[in-house]
Amino acid sequence: MKQRVITAAVALVLFIPIIWIGGIAVELTAAVLAVVGVYELFRMKGLTLLSFEGVLSAIGAVLLVLPKERWFFFLPENVSTFMLFYLIVMILLGTSVISKNTYTIDEAGFPVLVSLYVGIGFQNFVNARTESLAVLIFGLFIVWATDIGAYMVGRRYGQHKLSPDISPNKTIEGALGGIGSAVVVAFLYLLLYPARELFNHGMFVMLLMTIIFSAVGQFGDLVESAIKRHYDVKDSGNILPGHGGILDRFDSLLFVFPIMHLFGII
C-alpha cells in the first residue's frame, strides 16, 4: 500500500506540470505513453517491441497521437496523418507477400489493432488538452471519481458480480457507485466551470453524458482485464510499482476520451 501511494504521488508531481503546460509537453508525453502501451501489449502476447511488427506498431501509434499541424505540417493540406498510419497497415499486409505467407494477415492484425487502440486513445487525450485544460481535467475527474467510487462502494456494499468471468472482484453495486461518484464530481466541477460555456451544453445534458462516460470508462477497464485474462497475466506491465503498467492506469481513459470526442465535446 505504501508503495502504491508513493508511486501515485510521484506520478502526480510529474503529470500535473505536463498537463498544465500543454502543447509539445503533452503531445510528447502521450506519444511516449502510447509506445509503452504498445510495448506492454506485445509483451503480454509474448512478442518483443524490438521486432519488425513491434516497431511498425509503435510508429503507427505515434503517428496517430501527434497532431499534424505541429509534427507533420509538410503533408498536403487535404492529407491526414491517418494516411501515414495506413502506410503502416499496407507494409504489414505486404509482408505476407514478401514472406510467401509465412507472415499472415492474422499476424498483421495484432500490431494494427494494438496501434489503433493505444494511438486513438492517447490522440484524444491530446485533443482534450488542445481544447482546454478545463476539458481535460473534466475527463480525468470523471475517470478518477469513477474508479474511487466503484472501489469504495463495491468494497462496502458489493454483492452481485458485474462480470465474474473477466474481473471477479467488480460488482454491480460498485459500478453504480462509480457512476454516482462521477455524477457528483461532474456536478460540482460544472458549478465552477459552467457547462454551457465549457461544452455548449446545459448542466442536465452534461450529467447525462457523464453517466455514459463513467460507464464507458468502466467498460474500458473490463476490456483491459479481458486482455490480461486472455494472456494470463496479472498486470499489463511493471513500470509503475504497486500499480502495474501504463495500460493498467490508462485503460479507462483510452475509452472515455474517444467517446467524449464522438459526442463532440473535444
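Which residues touch the most other members of the largest nonpolar core? Keep in mind that this is a predicted model, then select F122, F125, F138, L140, F257 and M260: those are the ones, out of 66 residues in that core. As background, nonpolar side chains in soluble globular proteins tend to be buried together.

Stay with M260 and bring up its surroundings. Ignoring neighbours within four places in sequence, M260 is in contact with V135, F138, G139, F213, I265 and I266. F138 is also on the list of core residues that touch the most other members.

**Next stop: charged pairs**

Select R70 and E27. Their side chains form a salt bridge, with N to O at 2.7 Å. This pair ties together distant parts of the chain: R70 sits in helix α4 (residues 68-71) and E27 in helix α2 (residues 24-45), 43 residues apart.

Now jump to K170 and D221. Here the closest N and O atoms of the salt bridge are 3.5 Å apart. Again distant parts of the chain are linked, with K170 in strand β2 (residues 167-171) and D221 in helix α10 (residues 203-231), 51 residues apart. K170 counts as partly exposed, with 26% relative accessibility; D221 is buried, at 17%.

D248 belongs to helix α11 (residues 246-250), and the partners are 20 residues apart. Buried or exposed, these two? Both K228 and D248 are buried.

Most residues other than glycine have a negative phi. With that in mind, pick N101: its phi is positive, about 70°, although N101 is not a glycine. You'll find N101 in the loop between α5 (81-98) and α6 (105-131), and it counts as exposed because its relative accessibility is 53%, over the 50% cut-off.

Then go to N200, another residue other than glycine with a positive phi, near 60°. N200 lies in the loop between α9 (195-199) and α10. Its relative accessible area is 59%, so N200 is exposed.

Terms used
Residues are numbered from 1 along each chain as its sequence is written. This is a predicted model: local features need pLDDT of at least 70, side-chain atom pairs count only at pLDDT 80 or more; totals for chains, interfaces and linings use all residues. Side-chain values use heavy atoms; hydrogens and water are left out. A nonpolar core is a set of buried Ala, Val, Leu, Ile, Met, Phe, Trp, Tyr and Cys residues joined through side-chain atoms within 4.5 Å. Buried means under 20% relative accessible area, exposed over 50%, partly exposed in between (1.4 Å probe, protein chains only). Contact means heavy atoms within 4.5 Å. A salt bridge is a side-chain nitrogen of Lys or Arg within 4 Å of a carboxyl oxygen of Asp or Glu. Helices (H or I, at least four residues) and strands (E, at least two) are DSSP runs, numbered from the N terminus.
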